[in-house]
Amino acid sequence: MSLKPPDFATLAEMRDMLAAHGFSDAELSELVDPQLGIITGFADVLEQLELLRKMDLGATPPALGITRVKDAS
Amino acid sequence: MSPELIATSSIATLSRAMENGDTKASDLTTACLERAEDLNPVCKAFTQVFKDTATSRVAELDHGPRRGQLHGIPYGVKDMFDCRGTLTTAGSGVLHDNIAQDDAHAVAMLNNAGANCIGKLNLHEFAYGATGENTLYGTALNAYDKTRLAGGSSSGSAAAVAWGLLPFALGTDTGGSVRAPAALNGLVGFKPTFGRVSVRGVMPYCWSLDHVGIMTRTVSDAALVLQEIATPDPADPGCARSAVDDYVAAAQAGDDLSGCRIGIPRAFFYDNVDTEIRAATERAIHFLESKGATIKDVALPEMTHTRTVSLTIQMPEALSFHMPWLEERGDLYSADFRAGLALGQSLLAEHYVRAKRMLTVYRTEVERVFEDVDALLTPATPAIAPKLGAVSVTTEGLTEPAGNAITRFTSFFNMTGHPAVTLPSGMHSSGLPMGVQLVGRQFGEAGLLRLASIIDANPDFNVPAASV
């Protein structure tokens, strides 16, 4: 299933329904149609995240700190 | 020593001169302060200069007992580090009244070792971005070409050392923000293992990826600084408690590389690289081979999604940290950072957790590679320093945002947490420095410094001090 691209109305509704920061309409529009050149388009990020979601990670846990092996034994 | 010589000397040279009575802490601090006064209006390295406190401390340093090789050496810190009683602005107007209550752990360790902090250094606002552009303090300029970026986000740290205002500086490295600007300015940039150096007292950008880093003129100098700041910090729950190796000795351990295996990750790290940078990297490989190292190609994890994974961790963590200030003084943030934070708000919790699980996958796969090799070698950056205002960079057919290009080869090792160092590999025909990156095993800082010091000792790879 291909994802529907994010639109302004949905993002605005999420903003208004969740206990989230009140980013302006212009800032939410930047996510839908990026102009600042810093953030990759949100739609591209979501597409890549969808590909990652389909990867079988088994029981792999989230990364935590790194332990020095010779000191951990 | 003349002020000109002080401006280009290594810590080791300055320290020897102090020990021999050829210079004093007061001479070094005065030379650095005067140079900062002359050049900072152009190079934009400092956000604040501690003229009074730095000057008042030299009497104690000149007349007190010598505490080691950093005694009397001036330094600066990226304006993400707390220095007690002074502003920590993170390069942003948001924190115009944020007075630090205490020194960051790394600052306290350096001050205890007798180093003299003479100021705070410029950066990309809140360390968000690799170009180092800053509308509030100005954009730090590359020491070799004033029409080009110093690079970031630790732009002021790189500019201060490369312009000869300081012999060393601290920065933070979340995706290459120490290593990349160091490489673009002909310096050594060192990022230790995740957790090796305490981040207490350092403004967070992304807890999962932030590292304290070091910029110096030589690898031996990086070892000297690391030796002090790697001291375990019981007050930082993420800081390693394990013993600190002798990094200074490791950086002077000779150049016989018999038995050393160096992995070359050809895929991704050697693709779409400037031809001169690639050739310089190949020369470094052949040089290490000539010293007895075994060179072998290795395969790192698939890199297609790594930038998305990094971004998916960065932005929700940054948003979580900044939420209180966003509410109180949100209009003082720059538009680009706010856009990034808005992205962080729009991702799902499952996206974030999956990205954190991908870190485990990356770490595990790279650890497997390190079963067969002792270090990895890549170019530091795919291209020389971009022009001021450049939105994108095209390298061997690949066009990408300037910030992505600057950190293309460094950001992966923030996710895996492996220690990494960039150092010069020679001069590009355009007159700008090129660099290579070495990556070591987790907590393998000593071995990494030894390897880097061997390249650093070969004049074929050194770059001349910038003529500013």
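In the predicted model, A:E27 forms a salt bridge with B:R338, the closest N and O atoms being 2.2 Å apart, where a salt bridge is a side-chain nitrogen of Lys or Arg within 4 Å of a carboxyl oxygen of Asp or Glu. By this rule, one salt bridge is found across the interface of chain A and chain B. The contact, defined by heavy atoms within 4.5 Å, takes 36 residues from chain A and 44 residues from chain B. The area buried between chain A and chain B is about 3,600 Å², with carbon and sulfur atoms giving 66%; buried area is the accessible area (1.4 Å probe) that two parts lose on being put together, summed over both. On the side of chain A, the residues that lose the most area to chain B are A:H21, A:I66 and A:R68, together 20% of what that side buries.

Residues are numbered from 1 along each chain as its sequence is written, and chains are lettered from A and ligands numbered from 1 in the order in which they are written. As the model is predicted, local features need pLDDT of at least 70 and side-chain atom pairs count only at pLDDT 80 or more, while totals for chains, interfaces and linings use all residues, and side-chain values use heavy atoms, with hydrogens and water left out.

Helices (H or I, at least four residues) and strands (E, at least two) are DSSP runs, numbered from the N terminus. Helix α3 (residues 42-53) of chain A and helix α12 (residues 306-329) of chain B have axes that come within 10 Å and cross at roughly 105 degrees, the axes being lines fitted to C-alpha atoms, for helices over the stretch in contact, and angles running from 0 to 180 degrees between N-to-C directions. The two helices, α3(A) and α12(B), are therefore roughly perpendicular to each other, a term for angles of 65 to 115 degrees. Their contact is made by A:V45, A:Q48, A:L49 and A:L52 of α3(A) together with B:T308, B:V309, B:L311 and B:T312 of α12(B).

Within chain B, 11 strands form an open sheet of mixed pairing, in the order β1-β3-β2-β6-β8-β7-β14-β15-β11-β9-β10; two strands pair if DSSP finds at least two bridges between them. At the edges stand β1 (46-49) and β10 (294-297) of chain B, each with a single partner strand, so one side of each is left without a neighbour in the sheet. Strands β14 (residues 420-427) and β15 (residues 433-440) of chain B run antiparallel and are joined by seven bridges, with B:G426 standing opposite B:M434 in β15(B).

Terms used. Angles under 35 degrees count as roughly parallel, over 145 as roughly antiparallel, 65 to 115 as roughly perpendicular and the rest as oblique.
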